[in-house]
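Me: Please take a close look at one helix pair in this model and at the core around it. I would like a single connected account.

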Amino acid sequence: MTSTAKTGHMEVALQQARLAAGRGEVPVGAVVVSPDGRVVAAEGNRSRELCDPTAHAEILALRAACRAAGSERLPGHDLYVTLEPCPMCAAALSFARIRRLYYGASDPKGGGVENGARVYSHATCHHAPDVYPGLGEDEAAMILRSFFAERR
């Protein structure tokens, strides 16, 4: 996949993050991309709206992509997300057999990939996607900083 396609997919995730912020949700957006490069699901956080602590962008995007695929697994699919996944989302990506994970901003406090729990480094992790941090990092971090600055 070309670098332009990767940044284009991350731009879709960033747009989902902006939409989430507009709904008063923590601005995180996620996109699932099929092996042929098509966006099959794009979601933003909806935990407050749905009164559901599991309604993170990654979980919602995985659910939609799995429904579209008719399977609980998405081999060959990639996920683009604006913030490093939390441990719950990192585990769900593993269970779904996501091929590659691209994320924007690191999350030193709540991350579960390269910070915190480091889900994929455990021997009990059955599948670890290839991880590519920092794609769209500056924009993703700016969206998060702006959102929280407005609430303080």
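Reply: The crossing of α3 and α4 is left-handed. In this predicted model, the two helices α3 and α4 pack with their axes 9 Å apart, at an angle of about 25°. Angles under 35 degrees count as roughly parallel, so α3 and α4 are roughly parallel to each other. On the α3 side the contact is made by E58, I59 and L62, which meet M88, C89, A92 and L93 of α4. Sorted by class, the residues in this contact are six nonpolar and one charged, with no polar ones.

L62 takes part in this helix contact and also touches residues elsewhere. Leaving out residues up to four places away in sequence, L62 has contacts with V32, L74, L79, A92, L93, A96 and I98.

The largest nonpolar core has 42 residues, and L62 is among the four that touch the most other members, together with L79, L101 and Y120. Two or more residues of this core come from each of the helices α1 (3-22), α3 (57-69), α4 (87-95) and α5 (137-151), and from each of the strands β1 (29-33), β3 (78-83) and β4 (100-105). The largest share, seven residues, is supplied by α3.

A further residue to look at is Q16, which lies in helix α1. Buried means under 20% relative accessible area, and Q16 is therefore buried at 15%. Its contacts, not counting residues up to four places away in sequence, are V28, G29, A30, A42, E43 and G44.

Terms used:
Residues numbered from 1 in each chain as written. Predicted model: local features only at pLDDT ≥ 70, side-chain atom pairs only at ≥ 80, totals over all residues. Heavy atoms only, no water. Core = buried A, V, L, I, M, F, W, Y, C linked by side-chain atoms within 4.5 Å. Buried < 20%, exposed > 50% of the residue type's maximum accessible area, 1.4 Å probe, protein only. Helix = DSSP H or I, 4+ residues; strand = E, 2+ residues; numbered from the N terminus. Contact = heavy atoms within 4.5 Å. Axes fitted to C-alpha atoms, helices over the stretch in contact; angles between N-to-C directions. Parallel < 35°, antiparallel > 145°, perpendicular 65-115°, else oblique. Left-handed = near helix turned anticlockwise from the far one by under 90°. Nonpolar A, V, L, I, M, F, W, Y, C, P; charged D, E, K, R; others polar.
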